[in-house]
Amino acid sequence: MNLLKGPSARAAAGFAGAAVVLFAIAPLALSDFRLGLLAKYLCVAIVAVGICLAWGRGGLLTLGQGVFFGLGGYAMAMHLKIADAGPGNLPDFMQLYGTATELPWWWKPFANPLFALAATVLLPMAVAALLGSFIFRRRVKGAYFAILSQALAAAFAIWLIGQQATTGGTNGLTDIQGFFGYALDDPVNQRMVYFVIAAVLLLLMALARQLIQSRYGELLVAVRDSEERVRFLGYDPANVKLVAYVVAAGMAGLAGALFVPAVGIISPALIGIVPSIEFVIGAAVGGRASLVGAVLGAIAVAWAKTALSEEFPAAWTYFQGLLFIVALAFLPGGLASLAGIVRRRRAAAEKKPAVIPVGEAA
Amino acid sequence: MSGLEIRRLRVTFDGFTAVDGVDLDVRPGDLRFLIGPNGAGKTTLVDAVTGLVKAEGSARFGGEELLGRSVHRIARSGIGRTFQTATVFEELTVLQNLDIAAGAGRGVWTMLRRRKGVPEPVARALETVGLTELADSPAGTLAHGQKQWLEIGMLLVQDVRLLLLDEPVAGMSHDERQATGELLQRISEERTVVVIEHDMDFMRSFARSVSVLHAGKVLSEGTVAEVQADPKVQEVYLGHAAAEATADVAVQEA
């Protein structure tokens with residue numbers, strides 16, 4: 001009985017249940033089109049895993065995850081565009097807009113699939129390490145950190161738009177045909193991409209859970225709640241925050257890379273300010289400090305966006321903003337905290353009758 | 001081994017001199033009380049020694065210069081402090097609080113693994129500060145006095161050689177004060193303890209030596225009896241009371 005009750009046993013059961021849903025039920029129950037949409041939502045959920053760690057546990061309001069999502073996405077898309085064009089040819093958009101006759105120097109390494117794959121994760125992590133060490137050592141915190149992240153997302157999107165000849169500009173990198181030799185218009189291969197994404201999500205959730213439960217995870221919460229106190233215990237909080245920030249960036253990068261074969265495009269509109277905020281909203285609504293809450297929240301909000309913006313394209317943005325504010329103001333722990341609140345209310349209600357007679361006796 | 005040696009320590013904020021050339025020696029194993037009226041510079045002195053504010057002069061502990069080093073490096077060289085308001089990690093349990101305090105020297109792999117069981121020094125500290133029963137309670141649910149004890153326990157597992165405690169018995173009941181005083185006497189047998197305190201009864205009961213600060217300077221130093229007999233100290237405390245009375249009148253008139 002005890003084996004079934006421990007938190008690790010419950011987590012194992014949860015992972016098994018999630019695996020059954022993702023690998024057996026969803027592919028059977030959903031059409032190819034819907035499964036493709038789910039793959040897209042799962043990419044958002046992967047970003048949310050990182051946000052749960054950095055924001056929920058570390059208190060870093062990462063309002064610029066689009067930068068890392070974009071770095072991963074562009075790294076993957078650049079390789080796929082080069083592969084689509086074939087040896088010696090330029091990607092289609094460069095032939096249209098560009099005057100260059102050969103690949104720009106910074107595209108060339110991405111012709112190598114291993115380099116491109118490594119870059120999808122390592123490039124965002126390296127950028128985050130550089131930014132983070134600067135930001136955290138200067139003790140930039142709270143709203144200033146959020147605004148800075150946001151500004152970076154905007155700057156990155158604007159830079160991409162300005163470089164039409166080499167980045168595809170506003171259109172981004174579109175019309176991606178193949179994925180390491182597999183044609184993406186084949187539903188079987190689309191299914192494979194979905195399975196890869198689902199597996200990566202579960203793997204990263206397991207990794208994040210290990211981090212949250214480790215001594216590092218406890219220290220991260222301590223830094224979130226009282227950074228100064230941690231410093232007096234002999235730790236440098238800048239390093240503690242940096243680890244969470246870099247890991248979250250790596251996860252966002254991987255999500256961006258997987259988004260490209262799932263959807264077939266990466267563009268500035270998918271990584272700027274609005275998408276960066278959207279990444280955070282899902283985690284906030286579901287519960288930023290809870291891994292399961294953040295992931296389910298991200299999937300639910302991404303799904304609601306598709307469902308509602310088809311019907312009410314103009315109203316969705318306002319609704320989304322309202323959702324964010326309501327979640328932060330009235331339910332800071334997100335939907336994941338509801339169970340705990342109900343339990344506490346019930347416990348308090350049960351306690352009351354026992355307290356009253358004592359009061360009367362006194 | 002030499003204890004804490006402070007020489008010509010000066011701290012100024014925008015032209016206001018909070019600590020004005022303080023010389024202070026605390027030998028290892030001492031239980032030194034820092035007393036003085038509000039604004040005498042007691043907390044600022046501790047802030048300077050722990051790296052929280054910039055200071056001129058010199059502050060050495062165990063022969064090592066502390067001024068100019070960052071807060072976490074000073075902490076790592078064996079100096080710990082508490083604050084006037086107890087600051088513990090409210091959402092973490094008592095055990096987690098102590099485990100974090102014990103771990104500044106841990107390697108990457110230990111940090112990335114889960115804590116298994118209760119480390120030896122943490123168990124001992126729980127016993128010493130009397131919180132063994134509450135090890136798994138969130139620190140936020142502790143009573144005020146218990147939080148102060150947890151903070152002292154955190155300094156013990158941190159294995160600091162110098163404890164700087166800022167009003168550790170503020171808001172405690174008489175029994176809690178007694179227990180805390182006895183705890184500090186036990187701790188000071190192996191470590192150096194400096195206590196900032198306003199409570200004169202507590203000071204008389206437990207101090208091994210006393211320094212009186214006034215207007216950023218050391219006014220008097222010695223045993224409790226010596227300091228109490230010092231006419232300068234009497235004047236400052238009486239004069240301070242008189243000044244306060246005048247201030248009260250001024251406020252009422254305004």
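Which residues of chain A does UniProt list for "transmembrane region"? The unreviewed entry gives residues 12–30, 37–56, 114–136, 143–162, 192–212, 242–267, 279–304 and 316–342 of chain A. The model discussed here is predicted, and two of these spans may be examined in its coordinates. Residues 143–162 of chain A are 100% helix and 0% strand, with end C-alpha atoms 29 Å apart.

The confidence assigned to chain A should be considered next. The chain averages a pLDDT of 90, and 95% of its residues score at least 70. Within chain A, helix α12 (residues 237–263) has the highest confidence, at a mean of 97, whereas helix α1 (residues 2–5) has the lowest, at 52. Over residues 353–362 of chain A, pLDDT stays under 50, and the model has zero contacts beyond four places in sequence for this stretch. Where pLDDT is low, the predicted coordinates should not be read in detail.

The largest nonpolar core comprises 174 residues, and A:Ile46, A:Ala48, A:Val49 and A:Ile51 have the most contacts inside it. The greatest contribution to this core comes from α12(A), with 18 residues. The surroundings of A:Ile51 can be given in detail: leaving aside residues up to four places away in sequence, A:Ile51 touches A:Thr62, A:Gln65, A:Ala248, A:Phe279, A:Val280, A:Ala283, A:Arg288 and A:Ala294.

Chain B presents a sheet. Four of its strands form an open sheet in the order β2-β1-β4-β5, with antiparallel pairing. At the edges of this sheet are β2 (16–26) and β5 (64–65) of chain B, each of which pairs on one side only. Helix α1 (residues 42–49) of chain B packs on the sheet, where it touches β1 (4–13), β2 and β4 of chain B, and its direction makes about 70° with that of β2(B).

The pairings of β4(B) can be followed residue by residue. Five bridges connect β1(B) and β4(B) in the antiparallel sense, and B:Ile6 has B:Ala59 in β4(B) as its bridge partner. Strand β4 (residues 56–61) of chain B is also joined to β5(B), through two antiparallel bridges. In this pairing B:Arg60 stands opposite B:Glu65, while B:Phe61 has B:Glu64 as its bridge partner. The hairpin of β4(B) and β5(B) has two residues between the strands, and B:Gly62 takes a positive phi near 60° there.

Definitions and conventions
Residues are numbered from 1 along each chain as its sequence is written. Chains are lettered from A and ligands numbered from 1 in the order in which they are written. This is a predicted model: local features need pLDDT of at least 70, side-chain atom pairs count only at pLDDT 80 or more; totals for chains, interfaces and linings use all residues. Two strands pair if DSSP finds at least two bridges between them. Two residues are in contact if their C-beta atoms, placed from the backbone, lie within 7 Å. Axes are lines fitted to C-alpha atoms, for helices over the stretch in contact, and angles run from 0 to 180 degrees between N-to-C directions. pLDDT is the predictor's confidence in each residue, from 0 to 100. UniProt positions are given in the numbering used here, feature names are shortened, and annotations may be inferred rather than shown by experiment. A nonpolar core is a set of buried Ala, Val, Leu, Ile, Met, Phe, Trp, Tyr and Cys residues joined through C-beta atoms within 7 Å. A residue is buried if 20 or more other C-beta atoms lie within 10 Å of its own, exposed if 12 or fewer, and partly exposed in between; C-beta atoms are placed from the backbone.
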